[in-house]
Each structure stands twice: as structure tokens, then as C-alpha cells.
Amino acid sequence: MKKIILSYFPFLYKVRVQQLIWKRCLLNLNPKVRYAYRKEAAAFPFVCKKHKSILRRVLANSDPILQENKIQNLKIALTHVDGIVIHPGETFSFWQLIGKPTKEKGYIEGLMLSHGEVRTGTGGGLCQLANMLFWLALHSPLEIKERHHHSFDIFPDDRRVIPFGTGTSVFYNYVDLQFYNGTNDSFQFHIRVTEEFLEGAIRSSRDLDVHYKIEERHHQFYEKANRWYRKNEIWRIAAAKQDPASVKEELMIRNNSEVKYMKSQGGPARHEENSSC
């Protein structure tokens with residue numbers, strides 16, 4: 001019903017989006033929240049987690065130029081994130097740092113996910129940066145303050161090495177990605193674009209006493225009303241380095257998404273060595 005109404009009155013969507021943008025702008029003025037803005041060029045000495053994600057993927061019926069455009073958008077955005085330090089008591093906000101991606105800032109048309117479809121828009125492709133930051137933050141004691149997930153699984157498991165459902169959705173500025181540092185340590189993101197990959201690391205000001213890993217549980221494809229769905233759970237496992245038997249488990253995400261990509265006979269195929277994000 002909502003889609004039908006918007007098809008007749010598309011201006012209502014723009015009005016609603018603008019309302020949400022202004023609402024978030026007001027929320028961001030909260031003096032009790034200290035946002036992370038300071039950057040340091042020198043890398044912190046201790047690595048919590050490193051990761052890299054491929055920049056160019058095989059996507060059916062999509063213009064490869066849009067993937068090249070995405071890379072340009074990523075290069076612009078990461079200049080605001082690379083080297084950012086999250087001090088104790090500070091909150092990292094994706095959009096507070098990057099700001100609105102506009103043509104005036106150099107952003108160009110790229111791929112975007114919206115309403116279960118692949119579309120194009122100025123600044124498209126920044127979700128790959130958000131995905132990277134979220135995956136790195138999961139391997140630290142940072143608290144996930146705000147994170148939005150896609151209600152659909154649109155890409156097959158093509159060269160993915162992290163669990164399905166650990167991606168994140170961002171849309172300026174009210175669909176944000178935020179982390180809160182409630183520890184006594186500082187954390188730093190380092191992100192860069194190479195020829196093939198988006199590479200990132202999260203570093204800490206001291207060697208942490210705990211090692212973090214992410215575990216997928218209860219993964220399942222299932223069919224309902226002639227549609228395929230995919231579900232799982234994402235757990236953060238914190239093990240003490242001096243006592244590996246001392247383990248704390250935390251349920252981070254419970255996913256349930258419709259599968260949108262082409263399905264083989266008998267249901268979607270899954271490559272166990274490369275699970276989807």
C-alpha cells in the first residue's frame with residue numbers, strides 16, 4: 001500500500017525524507033553526545049583487526065562504469081574517516097564525519113540499494129565503506145550504538161569472506177552508523193583504497209587483554225510463499241588472551257532477509273568458504 005501511494009504522489013517521499021533529515025540534525029545537537037572528529041596521521045601501535053573487501057564485483061545487468069564511480073566516491077569519503085580516533089566517551093558517526101555526499105564535493109553516480117533494488121544515485125557505493133567500518137568495530141569492545149541492515153540479500157556469495165548479514169545500510173543522514181567508546185582506551189580507523197581492494201584496520205592505544213572473533217550460527221535458507229529467505233545469527237566472542245577458556249559471548253545480530261538474486265534449482269547455492277555479508 002505504501003509503495004502504491006508513493007507511486008501516485010512521489011513528492012511525499014521527498015517530503016518525508018527531508019523531515020527525517022531535519023529531525024536527525026536536531027538530535028545531533030545533543031550536548032551530551034561527544035562525537036569523534038579528531039584524526040591522527042600516526043597509526044596506533046596495536047592492531048585489533050585488519051580486513052579488505054574487493055572493489056569490483058560481477059553484478060548482472062549493471063554498468064561497470066558505476067563500480068569505477070563507486071571507487072571515486074570511496075576515495076573522497078575515506079579522507080574524512082582515515083586516521084579518525086575514537087577517544088573514551090566519544091561516539092563515531094558515519095554521517096557526522098562524511099557529511100552529505102553532493103556533486104559539489106566531487107561525488108558522482110554510483111550503485112545504491114533501495115527498496116530491495118539496485119539503483120543509482122550521487123555518492124552511491126558508500127555502503128561498502130560502512131560495511132568495512134562495521135566489520136572492524138565488531139572486532140573491538142566498541143558498542144554498536146546505531147546500525148541498520150538490509151531487509152534483502154541482493155548479492156550472491158561471490159568472493160565474500162565474512163558472514164551474511166554483517167553488512168550495513170546508510171542513507172544521509174538519518175540512516176547512520178554509530179559506535180560508542182565506553183572503555184578507557186582509544187581506537188583508530190585506518191582505511192585506504194588500493195587497485196583491487198578497500199583495505200581497513202582498527203587499532204588501539206594499548207594491547208587489549210581480549211581477542212575478538214565473529215561467529216555465524218543457525219544459518220538457513222528457507223522458502224515461504226514461493227519466495228526464498230535467508231537467516232542466521234551473528235555472535236561476538238570475546239576470549240581473554242591470558243586465559244582462552246574465559247569466554248564471553250554476545251548476540252549482535254539476528255538476520256532474516258529475502259533473497260533477491262538468481263536461485264538455482266532447489267534453492268540458492270551457498271559456497272561455504274565464501275559466505276555473504
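Me: How many strands form the open sheet, and in what order?
Reply: This is a predicted model. In it, four strands form an open sheet, and the order is S1-S4-S9-S7. The pairing is mixed.

Me: Which are the edge strands?
Reply: Strand S1 (34-35) and strand S7 (143-146). Each of them pairs on one side only.

Me: And S4 with S9: parallel or antiparallel?
Reply: Antiparallel. Strand S4 covers residues 90-93 and strand S9 covers residues 178-180. They pair over three bridges.

Me: Which residue stands opposite Gln 178?
Reply: Ser 93 does. Gln 178 is in S9.

Me: Which residues of H2 are buried?
Reply: Val 17, Ile 21 and Arg 24. Seen down the axis of H2, the buried residues fall within an arc of 65°, so they line one face of the helix.

Me: Why would residues three or four places apart point the same way?
Reply: An α-helix has 3.6 residues a turn, so residues with that spacing point the same way.

Me: What do the buried residues of H2 pack against?
Reply: They pack against S7 and S9.

Me: Which exposed residues sit on the face turned away?
Reply: Trp 22, Lys 23 and Leu 26. That face of H2 is turned away from its buried side.

Me: New topic. How many salt bridges are there?
Reply: A search of the whole structure finds 16 salt bridges.

Me: Which residue forms one with Arg 24?
Reply: Asp 176 does. Their closest N and O atoms are 3.8 Å apart. The pair links distant parts of the chain, 152 residues apart. Arg 24 is in helix H2, and Asp 176 is in the loop between strand S8 (152-153) and S9.

Me: Are those two buried or exposed?
Reply: Asp 176 counts as buried, at 2% relative accessibility. Arg 24 has 12% relative accessibility, so Arg 24 counts as buried too.

Me: What about Glu 68 and Arg 56, where do they lie?
Reply: Glu 68 lies in helix H3 (residues 64-78). Arg 56 lies in the loop between strand S2 (46-54) and H3. Their side chains meet in a salt bridge, 2.7 Å from N to O. So the pair ties together parts that are twelve residues apart in sequence.

Me: How accessible is each one?
Reply: Glu 68 is partly exposed, at 37% relative accessibility. Arg 56 is partly exposed as well, with a relative accessible area of 29%.

Me: Which residue forms a salt bridge with Asp 185?
Reply: Arg 206, with the closest N and O atoms 2.7 Å apart. Asp 185 is in the loop between S9 and strand S10 (187-193). Arg 206 is in the loop between strand S11 (197-204) and strand S12 (210-224). The two are 21 residues apart. Asp 185 is buried, with a relative accessible area of 10%. Arg 206 is partly exposed, at 34% relative accessibility.

Me: Now rings. How many aromatic pairs?
Reply: The count comes to seven aromatic pairs. In one of them, Phe 92 and Phe 179 are stacked, 5.3 Å centre to centre with 20° between the planes. Phe 92 lies in strand S4 and Phe 179 in strand S9, so the pair ties together parts that are 87 residues apart in sequence.

Me: Phe 92 and Phe 179: buried or exposed?
Reply: Phe 92 is buried, and so is Phe 179. Phe 94 and Trp 95 also form an aromatic pair, and this one is edge-to-face. The centres are 5.0 Å apart, with 90° between the planes. Phe 94 counts as buried at 0% relative accessibility. Trp 95 counts as buried at 6%.

Me: Which residues do ring pairs link into a cluster?
Reply: Phe 92, Phe 179 and Phe 189.

Me: Last one. Where is Leu 198 found?
Reply: In strand S11. Leu 198 counts as buried, at 0% relative accessibility. Its C-alpha atom is separated by 6.3 Å from that of Leu 55, 143 residues apart along the chain.

Me: What does Leu 198 touch?
Reply: Not counting residues up to four places away in sequence, its contacts include His 51, Leu 55, Leu 78, Met 132 and Ile 191.

Key. Residues numbered from 1 in each chain as written. Predicted model: local features only at pLDDT ≥ 70, side-chain atom pairs only at ≥ 80, totals over all residues. Heavy atoms only, no water. Pairing = 2+ DSSP bridges. Buried < 20%, exposed > 50% of the residue type's maximum accessible area, 1.4 Å probe, protein only. Arc of directions from axis to C-beta. Contact = heavy atoms within 4.5 Å. Salt bridge = Lys/Arg side-chain N within 4 Å of Asp/Glu carboxyl O. Phe/Tyr/Trp six-rings, centres within 6.5 Å; stacked < 30°, edge-to-face > 60°.
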